[in-house]
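The following exercises concern the structure shown below. Each task is followed by a worked solution.

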Amino acid sequence: VYFPHVASRRPAARTTAMLAASALAGATAITALTGVAAAQPAAPAHDVAERVILAPAADAARGMTVTFRAAEQGAAVEYRPAGGGAEPVRVDATRKGTALAGGVHQTAAMTDLAPATAYEYRIVTAGGDAGPWRQFSTAPDGHADPVDMLFFGDAQNGLTEEWRTTAQSAFATVPDAELILQSGDMIDQAHLDGEWGDWYAAMD
């Protein structure tokens, strides 16, 4: 389903989680999965990271990568099968790119996952403060079946109005979409962190 950047009445916000391939300041395209993820649990009063992006590895049945922005370098990601019974695996995050205004972009790979399995993960700061557990499911082994997807052209302008309306309309129309592709200019001025903030907020 193709959704051009148009204005319309804003529907209720979507409830599915987003998994995206890469969206840091300066990026010009994004791929994302939604349908394989469970709905996110309610966030606590504060989170330890923002702009959290979950991306499938080349083999989406066995790997996921999480990218985020945190206040300080040295964060880690902990993950385990969903349900909370197992000891989590801990992976140190590495710095990725340069943040435009405060914080440090970081990334961590979750590997050796089992196909078609629900997992939960959380981000932990260098000081040991842990964020909420978030859930996702890996793809089935081989994952060759057709998937529903959304394709967006340029967001770029009108990020708090037209882009938000377009994104939310798409999520409401195709709530089970498993792939999102953003092909054009995501914001207008790549060096303006505020525009990136508006772009992310519209996707919530």
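Two residues are in contact when they have heavy atoms within 4.5 Å of each other. The structure is a predicted model.

**Exercise 1.** Determine which residues Ala 99 touches, leaving aside those up to four places away in sequence, and whether Ala 99 is buried or exposed.

*Solution.* Step 1: locate the residue. Ala 99 lies in the loop that connects strand E8 (94–95) with strand E9 (104–110). Step 2: apply the contact criterion. With residues up to four places away in sequence not counted, Ala 99 touches Arg 69, Val 104 and His 105. The relative accessible area of Ala 99 is 15%; the cut-off for buried is under 20%, so Ala 99 is buried. Asp 193 is 94 residues from Ala 99 along the chain, and their C-alpha atoms are separated by 8.4 Å.

**Exercise 2.** Describe how the axes of helix H1 (residues 162–173) and helix H2 (residues 193–203) are arranged, and which residues make the contact.

*Solution.* Step 1: consider what is required. Two packed helices are described by the angle between their axes and the distance between the axes. Step 2: read both values. The axes of H1 and H2 come within 8 Å and cross at roughly 25°. Step 3: classify the angle. Angles under 35 degrees count as roughly parallel, and therefore H1 is roughly parallel to H2. Step 4: state the handedness. The crossing of H1 and H2 is right-handed. H1 contributes Trp 163, Arg 164, Ala 167, Gln 168 and Phe 171, while H2 contributes Trp 199, Ala 201, Ala 202 and Met 203. The contact of H1 with H2 comprises seven nonpolar residues, one polar and one charged.

**Exercise 3.** State what the average pLDDT of the protein chain is, and how residues 1–45 score.

*Solution.* Step 1: take the chain as a whole. The average pLDDT is 78, and 77% of the residues score at least 70. Step 2: turn to the stretch. Over residues 1–45 the pLDDT is below 50. Where pLDDT is low, the predicted coordinates should not be read in detail.

Terms used:
Residues numbered from 1 in each chain as written. Predicted model: local features only at pLDDT ≥ 70, side-chain atom pairs only at ≥ 80, totals over all residues. Heavy atoms only, no water. Axes fitted to C-alpha atoms, helices over the stretch in contact; angles between N-to-C directions. Helix = DSSP H or I, 4+ residues; strand = E, 2+ residues; numbered from the N terminus. Parallel < 35°, antiparallel > 145°, perpendicular 65-115°, else oblique. Left-handed = near helix turned anticlockwise from the far one by under 90°. Nonpolar A, V, L, I, M, F, W, Y, C, P; charged D, E, K, R; others polar. pLDDT = per-residue confidence, 0-100. Buried < 20%, exposed > 50% of the residue type's maximum accessible area, 1.4 Å probe, protein only.
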